[in-house]
Structures are given as C-alpha cells and as structure tokens.
Amino acid sequence: MKRGQEGPRSPTKRARLEEPSESRPAEQSVGGQAASPPKAARPSSPSKSQQSQQPQQSLSAKSKGKARADQHPQLTVEEAKLYDRQIRLWGMEAQQRMRTSRILVAGCTGLANEVLKNIVLAGVGSITVLDAGTVVPRDLGSQFFLRDSDVGKNRAEAVAPRVQQLNPRVKVVACTRPIDQLEDGFFDDFDLVCVISTNPSVLTKINSIARAKSLSFWGAAIMGMYGYIFSDHGPEYRYMTTHHAAAPTATAAATATAAKTDAASRVEQSLSYCSFADAVTHATFGATKMDRRFKRKAHPLYFALRVLWEAWTEHGRFPDPSHDAQLDELLATKTAAMAKAECDPAFLPDDLLKAVAAVVDRELQPACAVLGGLLAQELLKVLSRSEAPFHNVLLYDSFEAVAQTMAVGIDARV
C-alpha cells in the first residue's frame, strides 16, 4: 500500500483504549498545557498566506465547524499518541476535522461492517448506524459484528455496541428508522452520508437530499464478487494538494541554500460531481461502435449495474436470470438501456450481466473487505481534504482483481 493510502491501524497494533479515571490527573493538550490553565494565552492570528491556503466553504459550513471545534479545542496527549501515524500522514488539522466529524452509515451489511471498523479506528467524532431490518441467519456469513444470539434483533442495535467497543472515544449511535421514510431535516446533523444499498430509488432520494444540503455522499454495495462505489461531493468540491518546488542546481552552495528555504506549497483545486440520477439514467457515452480508447476508460460492470437499475425502475424488482421469462425481460432491458447510453451492446457481455443479476442480493466477505477498505479510505480522504477523491464511480471485479474508476456525467464521452 502506498504511503498516501494507508488506512487506520488495526486494533492489535494500537495502544490500549482506556477511559481516563477520576484519580488520574487532567489530560494535557498536545501543546503540553493543562486542560484548564490558569490564564489562557491569546492565540496568534494566521498570516495572509495561511488564510489563502484554506479551502473555501460556505458561511454556514464555517459556523458549524467552528461551533464543534470550540467544544473540542485540541487533541489531548493521549489522542495524539493514539492517532500518531495518521497525524504524521495527514497533519494535526486533518485529524481535528476527523475528531469533530459526524458520519451516517445507512444499511448494516458486510460491506458496512468493514467501513464502520475502519472509520471508528480512525477517530472520527460520531457515527450513526441506521438500519430498520432484523438480523437473519444469512447475515452471519458476511457480518463479523454479529453473533448467533443476534438473530431476530434489529441490525443497527446489534452492530452499534460492538463498533463502540473498538474505540470508546467515538460516539456510536443506532437508528432503527426506515431510510426511505426519513425527513430532510434528519440529515442536518451529519457531514458525510454513506448508503450501502442496491436500491436505485433509495440512492436517488438520499443523494438528492445530501446534494441539496452540500453533504458528501457515497452509495455502495457488494453483489457476490462484484461491487461498486458512487460518490457525489457537489458541483464544486475543493481540496488541497501539496506542490514541491524544485530546488535550483546552479552551484552546490546555491543548492544547499535553496534546500533550506524550499518549502512545500499548498495548492487549492476543485472537482465537479454529478448526481446519482444523472450518472445512472442520463449519462451518454457516444460509443455506438467500440474502440480501444473506450475500452481503456470504461468498464462493462457499470453498464451491467445500469441495466439492473433500469429493470428495478421498470418492474420494481431485480430480474432473476434463472427464470426464462425474467431472463428475456433482462436482455430486453439491456438493449434499451445500452441504446439510451449510446453504447455498443457488445461491450456488455450477456454472461456478465446474468452473473451480476444472479448475485445482486448476496455478499461475500473477501469482496466486502477489499471494497470496504477503499470506501473507508475515501471517507477519511474527504475529511482530511489533503488528496483528490476518486471521480466518481468505482467498479470492483474480484475475478479480475480490478478496481477501476470511471468519470461519469451527463456527457461522459471519452
């Protein structure tokens, strides 16, 4: 794994998580000052160059972030030691954003278990686990947070306490409300929204709410050994990248002097994302005839998902390819969907479409582990704002050991 892609440390390599007892002295801040100093020092105001390096945010986002930062002014010494690797990787400011972040993970599946494990170990502020369903025996095969005794219980209520045990410093809450019955105001309490589902109606509704509230949104699911992640961070997502200027090499003395003064500069960049509805319904590719360029930049799994979502919208269910009538229905939907996308139907083999349709409601743990790690990494990347998140659809095929991104929009011609 590359340095910039390191995930949170596993529990076996972490310092033991302990709540401070009453008999212990008050924790110190990272700067070495006591939590309640007798006289607070006046903070120095940032320079103009530092102010210009901060990502632009809306006034409401700034005020909300400041209010939460006032409640948790600094990381404690124990927290700094616990998250030291992440702080070295992303910086103290990024870790502070993680510490005050509020994340909604909707849908308790094997994929959600992997995401929850990784983000709770990273030290985010709070996690709300949402699921209205009950645990069935089949869930035990892909969800390591569940036990035999949980069968019949609500999934969110069964999973949340075990997520909490991994990191007592993170607030973990269970919500048992149906996701399709949530009012818009419910999402005001979150910064990031992650929905684990294959239902296009749910994904479209929640994405439209998150987009209207300027919340980062992810939709993801595992289907057997296949999987996808869709991301939407709004029409203008801003992030910072580090640019290292080359030192002059005229003379050894000049090079040595420049090396001392050369500092990495922070550059603001932006990306534009489309909605889920645009990505799966209105995107066109202008590839009625196949060529090598299109094959390099597109993946047939995206079109298989698009056909299945089109079938759900038309029939209210996913076709079962083991039934001849529903198989004919699936292939007819493929012809119409590929024409709508302006893509050669030959790019999506019938065998792949049938294979994905046969396992659309199944999860295999190895695939959950891989895609869950990638998804959790994207959530933390957006919180740190130190790297560009992928843009904007990721397709995962375990059989080919491929995780390929596609830039999908209203006009996705390549």
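The crossing of helices H5 and H15 is right-handed, a crossing being called left-handed if the near helix is turned anticlockwise from the far one by less than a right angle and right-handed if clockwise. This is a predicted model, in which local features need pLDDT of at least 70 and side-chain atom pairs count only at pLDDT 80 or more, while totals for chains, interfaces and linings use all residues. Residues are numbered from 1 along each chain as its sequence is written, and side-chain values use heavy atoms, with hydrogens and water left out. The protein chain contains 15 helices and ten strands, which are DSSP runs numbered from the N terminus (helices: H or I, at least four residues; strands: E, at least two).

**Helix packing**

- H5 (residues 92–99) and H15 pack at an angle of about 115 degrees with their axes 8 Å apart, where axes are lines fitted to C-alpha atoms, for helices over the stretch in contact, and angles run from 0 to 180 degrees between N-to-C directions.
- H5 and H15 are therefore roughly perpendicular to each other, given that angles under 35 degrees count as roughly parallel, over 145 as roughly antiparallel, 65 to 115 as roughly perpendicular and the rest as oblique.
- Ala-94, Arg-97 and Met-98 of H5 make the contact with Leu-380, Leu-383 and Ser-384 of H15, contact meaning heavy atoms within 4.5 Å.
- By class, the contact of H5 with H15 has four nonpolar, one polar and one charged residues, where Ala, Val, Leu, Ile, Met, Phe, Trp, Tyr, Cys and Pro count as nonpolar, Asp, Glu, Lys and Arg as charged, and the others, Gly among them, as polar.
- H12 and H14 (residues 350–358) pack at about 60 degrees, with their axes 10 Å apart, and are therefore oblique to each other; H12 passes H14 in a right-handed crossing.
- On the H12 side the residues are Pro-300, Leu-301, Ala-304, Val-307 and Leu-308, and these meet Leu-352, Leu-353, Val-356 and Ala-357 in H14; by class, this contact has nine nonpolar, no polar and no charged residues.

- Of the 414 residues of the protein chain, 45% count as buried, where buried means under 20% relative accessible area, exposed over 50% and partly exposed in between (1.4 Å probe, protein chains only).
- Leaving aside residues up to four places away in sequence, Phe-303 touches Phe-285, Phe-294, Ala-298, Met-338, Ala-341, Cys-343, Phe-347 and Leu-348.

**Backbone and loops**

- Most residues other than glycine have a negative phi, and most peptide bonds are trans.
- The peptide bond from His-391 to Asn-392 is cis, with omega near -10 degrees, and Asn-392 is found in the loop between H15 (365–384) and strand S9 (393–397).
- Glu-342, in the loop between H13 (324–340) and H14, has a positive phi near 55 degrees and counts as partly exposed at 28% relative accessibility.
- Ala-401, in the loop between S9 and strand S10 (402–406), has a positive phi of about 50 degrees and is exposed, with a relative accessible area of 67%.
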